[in-house]
Amino acid sequence: MQDQRGGGSLAPEQPSGDLVVAGGTVVTAGGVAPLDIRIAAGQISEIGPGLDGGPDTVDATGLLVFPGMVDTHVHLMDPGPTDREDFPTGTAAAAARGVTTIVEHTHARPIRDARDLHDKRRHLAERAHVDYGLAAHVWPDRIRDLPDLWAAGVTFFKLFTCTTHGVPGLNAADTRDALQVIAGVDGRALVHCEDESLTSTDEHRLRAAGRTDGALVAEWRSREAELVAVAVVTELARLTGARVTIAHVSSPAVADVISAARRRGADLAAEACPQYFLLREQELQTEGALRKFTPPARARSDTDEETMWTLLRSGKLTHVSSDHAPSTRAQKAAGDIWDVHFGLPGLDTTLPLLLDAALRGRLSLEDLARVYAEAPARRYGLYPRKGHLGPGADGDLLLIDPDSEEELTDERVLSKAGWTPYAGRRVRGGHVATVLRGRVIAEHGRPSEGFDGRFLPGPGATTTKEAT
Ligand SMILES: [Zn+2]
């Protein structure tokens, strides 16, 4: 075994089955402690001090050992518009940055029935560096198909309250009916909340005024449009008893609406994304399409950012996802602000940005393990196999050097996007290795050869039979 700091390989040359990660500081949502971890046949078999290692021992002295991260809101466009992203490139970015599990859905090629899921699973065989679940989309006229789809093994159902990215919006009645069916199978829903009548009325007004500037995005996809939809959806979640995640909560006001509904008995998770902590609303004026995502950034000041971190520490924002939805710079430059795709690349930067926040004291290390590993895994039925360090869990680990630092740059982005809105930021913490089921799949920010990622059936799957 060579020294991990010198850029040498951590991967045992001849894997014998057992891998011991020794001498590191293990970080979980429950605490931080100096412990060793043994992985046998892909699963954690033992955690404790002073484990005997064999030739396959990784020296983690001075390193932090986290569970592999779990990103449950990812769009890899595959099959679909693979000129924007595909599974090999998107999961390479995930592996290189410590994400060992993703839950993916692609709007341009939605999964709407069990056949679609089967076909997508076949297509993705040997295309993923990390493990993956797949989510389905709810179409207003396909609600009765949802129980079959849940039994076929999707991780959650994605609903839109407004027509976006070509996915039809569900009105309140359709949303209620869909959530009722989802509650009936103990399913999970992720809901994109923007009110259709408000966004479409504002779109007509802004177009009639001839507006094509970047700032229009914040008026088109307004705070009110998000708040109104969140109020309706959280009430319907309470009414139906469905387990609902409100996607990409953009501001403290939205988090407050969710917290209030939770107090009245709704089973709600509130998903946070780095762009609502670290990008500013006013950047739309200067960056235009490169900041076109929806809901758009709302923070206007340091105080706004600080409030978001407080909500994440407290658990009112329950977990973090990237909402990785990349386009290249050329794609973001083709057409006016109305025409270009919504979305940002995120898998390359979400862990580095959260790690930096933790190493600067905006979060605790335990908070990081909670919000980007344990909590999302629990929410979507992946826990304790994923998002967890304990006997029986998959041997998915992330090794981090807390003493190193890096500058985020476009050049280091592995996503097909080839750029990041965070370029130029210096972040604390350095990637040393990512381990998936006992195998090193990335070192020093570089993914290994080969596709080891496997499909993860959702919690409602009635069969685990592989489709391929
Ligand atoms: Zn999304």
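Guide: Helix 13 is followed by Gly361, which has a positive phi near 90°. This is a predicted model, in which local features need pLDDT of at least 70 and side-chain atom pairs count only at pLDDT 80 or more, while totals for chains, interfaces and linings use all residues. Residues are numbered from 1 along each chain as its sequence is written, and side-chain values use heavy atoms, with hydrogens and water left out.

Visitor: What makes helix 13 mostly covered?

Guide: Nine of the ten residues in helix 13 (residues 350-359) are buried. Buried means under 20% relative accessible area, exposed over 50%, and partly exposed in between, with a 1.4 Å probe and protein chains only. Among the buried residues are Thr350, Leu353, Asp356 and Ala358. Helices here are DSSP runs of H or I with at least four residues, strands are runs of E with at least two, and both are numbered from the N terminus.

Visitor: Why is Asp78 called buried?

Guide: Its relative accessible area is 1%, under the 20% limit, so Asp78 counts as buried. Asp78 lies in the loop between strand 8 (69-74) and helix 1 (87-96).

Visitor: What makes the pair Asp78 and His123 a polar contact?

Guide: Their side chains are joined at 2.6 Å. A polar contact is a pair of N or O atoms within 3.5 Å; within protein, one must be able to donate a hydrogen and the other to accept it, and residues adjacent in sequence count only if both atoms are side-chain atoms. The side chain of Asp78 also reaches the backbone nitrogen of Phe87, at 2.8 Å.

Visitor: Are His73 and His75 buried or exposed?

Guide: His73 has a relative accessible area of 0% and is buried. His75, at 2%, also counts as buried.

Visitor: Why are helix 7 and helix 8 called roughly parallel?

Guide: Helix 7 (residues 223-240) and helix 8 (residues 252-263) pack at an angle of about 15°. Angles under 35 degrees count as roughly parallel, over 145 as roughly antiparallel, 65 to 115 as roughly perpendicular and the rest as oblique. The two helices are therefore roughly parallel.

Key:
Axes fitted to C-alpha atoms, helices over the stretch in contact; angles between N-to-C directions.
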